[in-house]
2 protein chains.
Amino acid sequence: MVNHGREAVTLRAIAREVGITAPALYRYYDSREDLLRHLCDDICQDLEAELNSALEPLGGDAGTEQVYAVCRGFRRWALAHPQEFSLVFASTENVIGRRDTDGEPRVGDQFGKVFLDVASRLILKHEHPHGLAAPEPPEVLHADLRAFQQVLIKTVTARGVPVDEESLHLGEIFHLLQAWVRLYGHVALEVFGRFPFAVSDPEPMFDAMLGSIFIPMGIEE
Amino acid sequence: MVNHGREAVTLRAIAREVGITAPALYRYYDSREDLLRHLCDDICQDLEAELNSALEPLGGDAGTEQVYAVCRGFRRWALAHPQEFSLVFASTENVIGRRDTDGEPRVGDQFGKVFLDVASRLILKHEHPHGLAAPEPPEVLHADLRAFQQVLIKTVTARGVPVDEESLHLGEIFHLLQAWVRLYGHVALEVFGRFPFAVSDPEPMFDAMLGSIFIPMGIEE
DNA sequence: CAAGTTCAGTGAACGGTGTTTACGAAGTTG
DNA sequence: CAACTTCGTAAACACCGTTCACTGAACTTG
């Protein structure tokens with residue numbers, strides 16, 4: 001139903017589907033916007049489930065192939081559910097919610113958990129990927145990056161893995177952020193068809209990008 | 001009026017603004033969707049004008065600072081007009097149109113022209129940026145990259161600058177494509193607030209990204 | 001058991017939407 | 001003048017989100 005776009009998800013259509021009338025929905029949601037917020041949460045849970053099921057056959061530990069699997073799973077999901085992607089990841093309404101009060105979680109919440117969890121666990125495992133290659137990011141960013149560092153550490157420790165502060169270098173964190181920028185950029189461009197020319201088969205281009213992101217980080221497939 | 005989002009741009013509101021009634025709009029547009037398509041074209045023209053006016057004080061030639069100016073101008077425009085950005089650059093409806101028949105032009109049409117024009121002219125000027133650094137992209141991409149190469153050559157020659165085929169290496173073209181991925185990725189993430197943590201001031205992060213994109217291409221600020 | 005209260009759901013209504021249709025009042029052209 | 005195109009209107013239709021008064025069943029309480 002959301003397959004036909006955000007505007008197609010109407011209260012009356014939902015009610016018809018559930019077998020009740022439109023006003024009855026107001027017993028459960030404050031408004032259409034509120035309903036869409038919860039819909040986003042459900043979508044995020046579906047995405048998380050799909051990513052985890054793509055991760056399952058690879059074993060529990062964080063290996064390099066898990067990073068690639070999460071990225072490819074994200075792309076696959078986005079292409080298979082463009083409207084959902086658009087709703088959760090490309091909406092100006094800050095519809096992502098969960099709880100606006102408890103602060104931190106953004107980026108589709110559930111997806112952020114999976115992606116950042118795998119990535120940061122991998123970074124922790126590879127201590128100092130091939131030497132000390134990651135250059136220091138500009139000082140202006142240090143404050144923000146340190147905040148992000150805390151988020152990552154909290155994410156990983158929540159899985160029971162103990163972390164010492166200094167094993168996540170700011171340079172690597174900046175790389176991780178750039179990885180998200182490029183992953184998101186490619187997927188969004190593909191979903192919205194905004195590449196500057198018609199790409200016949202974007203998949204090898206995606207794989208090439210993944211390599212150029214992760215191989216310099218010491219994460220080789 | 002589009003500032004309040006795509007859904008706020010209603011036929012009756014437009015008609016009220018123009019001083020006519022809603023059905024009269026059907027004399028000029030086939031449907032609301034058609035009107036939105038033309039609106040996208042207008043938005044693209046505004047963007048092009050803004051970018052060109054940002055380029056003007058830098059002189060006519062393609063210098064390195066022009067690349068940075070276009071990228072910063074794009075970000076500035078997107079942040080100042082999030083709804084317009086969303087409409088043109090993050091919409092699943094292929095609302096970009098112009099003419100669906102004549103094939104090629106995508107990516108907000110006008111913006112593509114400005115960005116690709118400046119970038120490719122610069123690449124042509126710097127022949128072989130610092131040696132032969134750009135590695136060959138995977139062979140699977142060569143066909144698509146060559147098509148993109150033709151688009152670039154056509155863009156540049158349309159400005160009167162003659163080009164020989166071989167001065168635009170495929171590696172550089174791939175870099176240019178990755179530059180678009182990262183530029184778009186950062187701007188969209190910022191517009192939609194989908195960075196994985198709260199970034200206090202994204203501008204230095206944007207500048208750091210521009211550097212890490214262009215400095216390896218030999219385009220230093 | 002009877003009375004009261006809560007809860008889920010309904011139908012009618014209001015103002016707004018995109019769109020179609022029939023119609024009219026100008027201006028143009030023979 | 002008559003025919004015709006152009007631009008616009010009013011009315012209507014179906015659908016939308018939302019509100020409100022209301023019903024009927026379930027549950028609580030005396």
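Helix 1 (residues 11-18) of chain A supplies the largest share of the surface near DNA strand D, with three residues; helices (H or I, at least four residues) and strands (E, at least two) are DSSP runs numbered from the N terminus. The model is predicted, so local features need pLDDT of at least 70 and side-chain atom pairs count only at pLDDT 80 or more, whereas totals for chains, interfaces and linings use all residues. Residues are numbered from 1 along each chain as its sequence is written, chains are lettered from A and ligands numbered from 1 in the order in which they are written, and side-chain values use heavy atoms, with hydrogens and water left out.

Around DNA strand D there are 15 residues, of which A:Arg12, A:Tyr26, B:Thr21, B:Arg27 and B:Tyr28 come nearest; a residue is near a molecule or strand if one of its heavy atoms lies within 4 Å of it. By class, this surface has seven nonpolar, three polar and five charged residues. Ala, Val, Leu, Ile, Met, Phe, Trp, Tyr, Cys and Pro count as nonpolar, Asp, Glu, Lys and Arg as charged, and the others, Gly among them, as polar. Sugar or phosphate accounts for 49% of the atoms of DNA strand D within 4 Å of the protein, and bases for the rest. Phosphate oxygens of DNA strand D lie 3.1 Å from a polar side-chain atom of A:Thr10, 2.9 Å from a backbone N or O atom of A:Leu11 and 2.6 Å from a polar side-chain atom of B:Thr21.

For DNA strand C, the largest share of the nearby surface, three residues, comes from helix 1 (residues 11-18) of chain B. The nearest of the 15 residues around DNA strand C are A:Thr21, A:Arg27, A:Tyr28, B:Arg12 and B:Tyr26. Of the atoms of DNA strand C within 4 Å of the protein, 52% are from sugar or phosphate and the rest from bases. A polar side-chain atom of A:Thr21 is 2.6 Å from a phosphate oxygen of DNA strand C. Base atoms are also approached: a base oxygen lies 2.3 Å from a side-chain N or O atom of A:Arg27, and a base nitrogen lies 2.6 Å from a polar side-chain atom of B:Arg12. The surface near DNA strand C comprises seven nonpolar, three polar and five charged residues.

Definitions and conventions
Polar contact = N/O pair within 3.5 Å; in protein donor to acceptor, adjacent residues only side chain to side chain.
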